[in-house]
There are 2 protein chains.
Amino acid sequence: MKLYDYPPAPNPRRINIFVAEKGIEIPRETVDLGKQEQLTDTYRSKNPACDVPMLELDDGTCISQIRGIARYLEEAYPQTPLLGQTPTEKGRVEMWDHLAFMNGMLAIAEVLRNTSKGFINRAMVGPHDYPQSPELAERGKARIAHFFEDFDQQLAKHDYIAGDFYSMADITTLVTCDFARWIKVNIPESCTHLLAWHEKVSARPAVKANP
Amino acid sequence: MKLYDYPPAPNPRRINIFVAEKGIEIPRETVDLGKQEQLTDTYRSKNPACDVPMLELDDGTCISQIRGIARYLEEAYPQTPLLGQTPTEKGRVEMWDHLAFMNGMLAIAEVLRNTSKGFINRAMVGPHDYPQSPELAERGKARIAHFFEDFDQQLAKHDYIAGDFYSMADITTLVTCDFARWIKVNIPESCTHLLAWHEKVSARPAVKANP
């Protein structure tokens with residue numbers, strides 16, 4: 001098993017924290033996104049989606065997308081469950097992980113990739129080139145504000161994102177909050193529940209080991 | 001258990017086919033998206049994400065988002081597995097369901113919601129209003145073309161989307177292909193593998209029962 005990784009980027013960080021929480025040792029190979037190594041023929045032949053992270057199994061099977069990698073690892077290494085334990089918990093983790101990804105992670109990516117000079121004509125992850133859109137960057141900024149407020153409200157009622165247990169939904173939300181700093185946005189001071197939760201989960205050893 | 005449903009819309013259709021494939025009987029309550037019933041205080045109190053479908057369990061727990069509902073049902077009703085059986089299959093289903101949703105379903109929604117008069121100021125699903133973006137509609141059109149080509153290539157190598165077994169990834173891809181007709185786009189004739197697969201999965205009783 002080998003994990004194709006690029007630790008500085010937020011999506012690889014989600015899986016790196018997930019793996020550290022579970023205590024699994026996986027050999028890594030760096031795919032340098034700064035050098036666009038995800039677009040080489042060699043990598044593309046393993047992962048046509050041309051994104052990182054990607055997990056290559058010993059039989060050659062390649063699994064991309066955070067959802068795919070996390071689900072494989074959860075099923076193959078059930079210790080320290082991070083995707084819930086009961087059907088209800090499992091459903092709630094998927095629900096909240098999806099909301100954090102869609103309304104937080106993607107919103108920040110919309111701002112970053114549609115404004116940064118480093119992403120000209122590369123406004124989306126993946127093999128295809130798309131031009132930057134100032135309209136989408138503006139929408140992303142508005143969405144991030146709503147993301148913080150909505151998740152603060154959830155944490156007013158629960159200790160963790162998907163309920164009263166730590167899960168992948170916390171990892172995605174934490175990485176999203178930290179990713180926002182890339183576009184110079186911080187959790188608003190009014191989001192007291194989100195701030196307290198952020199301090200708590202940031203202190204976990206698996207998170208500190210993957211800054 | 002109650003499923004809040006709106007059969008004409010594509011995301012509810014994904015769950016309706018999923019439920020029919022598993023042979024589960026679930027009482028439905030219609031939330032008329034045409035009348036914006038998803039934004040009423042009553043519905044919002046159960047589902048702050050203000051989207052449909054949503055599953056309410058007998059203990060009052062509410063699970064929204066297709067990923068959340070499908071995972072709950074798969075775990076609670078394991079018969080006729082649709083999210084894979086081995087760790088590898090489970091990982092591949094999540095991977096391909098995510099790619100179909102992100103690169104297909106969302107691309108079509110970007111076109112529809114950013115061009116239709118029915119979605120003025122409602123360019124995104126959910127509780128928050130966002131203005132329409134002509135730039136995003138244009139990007140969506142380009143993305144749909146890539147979606148068809150990329151999935152055709154996958155089906156050149158496999159009988160079904162996630163491998164050689166029928167799964168939720170097929171349901172999402174099928175609903176996406178049919179959703180494209182809403183914006184007057186059809187599977188290109190050059191995508192022969194995708195066309196043959198579409199004909200095969202469209203003939204399934206669970207699909208025919210949820211047109």
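**Contacts, fold and interfaces**

Mentor: In chain A, 65% of the contacts with a separation of 6 or more are between residues 24 or more positions apart; two residues are in contact if their C-beta atoms, placed from the backbone, lie within 7 Å. This is a predicted model, where local features need pLDDT of at least 70 and side-chain atom pairs count only at pLDDT 80 or more, while totals for chains, interfaces and linings use all residues. Residues are numbered from 1 along each chain as its sequence is written, and chains are lettered from A and ligands numbered from 1 in the order in which they are written.

Trainee: How many helices and strands does chain A have?
Mentor: Eight helices and four strands, counted as DSSP runs numbered from the N terminus (helices H or I, at least four residues; strands E, at least two). Along the sequence the pattern is β-α-β-α-β-β-α-α-α-α-α-α. The radius of gyration of chain A, taken over C-alpha atoms, is 17 Å, close to the 17 Å from the globule rule (2.2 Å times the number of residues to the power 0.38) for 211 residues, so chain A is as compact as a globular protein of that length.

Trainee: What are the domains of chain A?
Mentor: Domain 1 covers 2-76 and domain 2 covers 87-205, with bounds from an automatic or database domain assignment. Their C-alpha centres lie 20 Å apart. Domain 1 of chain A puts 12 residues into the contact and domain 2 of chain A puts in nine.

Trainee: Which helix gives the most on the domain 1 side?
Mentor: Helix 1 (residues 10-22) of chain A, with five residues.

Trainee: Switching topic. At what angle do helix 6 and helix 7 of chain A pack?
Mentor: About 105 degrees, for helix 6 (residues 168-179) and helix 7 (residues 192-202), with axes 11 Å apart. Axes are lines fitted to C-alpha atoms over the stretch in contact, and angles run from 0 to 180 degrees between N-to-C directions. That makes the two helices of chain A roughly perpendicular (65 to 115 degrees).

Trainee: Which residues meet there?
Mentor: Asp170(A), Leu174(A) and Cys177(A) in helix 6 meet His198(A), Val201(A) and Ser202(A) in helix 7.

Trainee: And how many residues does chain B bring to the contact with chain A?
Mentor: Chain B brings 32 residues, and chain A brings 32 residues. On the chain B side, the largest share, nine residues, comes from helix 4 of chain B.

Conventions
Parallel < 35°, antiparallel > 145°, perpendicular 65-115°, else oblique.
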